[in-house]
Amino acid sequence: MQYFYAIMWFVVGLILLFAMSKENKIFILAGGFFLVLGGWWLADAIRPELKMFEGGWGIALKCVTGAALVILTAAFVKEYRKKSREAAGSPEDDGDRPDF
């Protein structure tokens, strides 16, 4: 099962890198993270004595995952707000601010 997860993370990473990065450059970071995650699962499957999800290795993975999550969430929120402003035609985009 660990090999399946490793392959799945690699496939997701490659899809994000090659197919989705044309849409937005943040997918390069997301794809890279999933490739790292695939390598992590593969290393744990090949060398179970290293216990890649425990101890110092586990803490390192949690830190990398947390950093990627914060960066990707911030990028998603920024893009979501930009698209919703464009769709609504907000006054900031048109330059027509109401006078109060």
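This is a predicted model: local features need pLDDT of at least 70, side-chain atom pairs count only at pLDDT 80 or more; totals for chains, interfaces and linings use all residues.
Local features need pLDDT of at least 70 and side-chain atom pairs pLDDT 80 or more, while totals for chains, interfaces and linings use all residues. Residues are numbered from 1 along each chain as its sequence is written, and side-chain values use heavy atoms, with hydrogens and water left out.

**View 1. The largest pocket and its lining.** Welcome to the open space with a volume of about 250 Å³. Here a pocket is an open set of points on a 1 Å grid over the protein atoms alone, where a 1.4 Å probe fits, with protein on both sides within 12 Å along at least five of seven lines; lining residues have an atom within 4 Å of a point. The volume is the space filled by probe spheres set on the points, which are joined across faces, edges and corners. Among the lining residues are Phe-27, Leu-72, Phe-76 and Tyr-80. Helices α2 (26-46) and α3 (55-88) each give two or more residues, and α3 gives the most, with six. Helices are DSSP runs (H or I, at least four residues), numbered from the N terminus.

View 2. A salt bridge needs a side-chain nitrogen of Lys or Arg within 4 Å of a carboxyl oxygen of Asp or Glu. Both residues also line the largest pocket.

**View 3. The salt bridge of Arg-47 and Glu-49.** These side chains meet at 2.6 Å, N to O. Arg-47 is partly exposed because its relative accessibility is 42%, whereas Glu-49, at 52%, is exposed (buried is under 20% relative accessible area, exposed over 50%, partly exposed in between; 1.4 Å probe, protein chains only).
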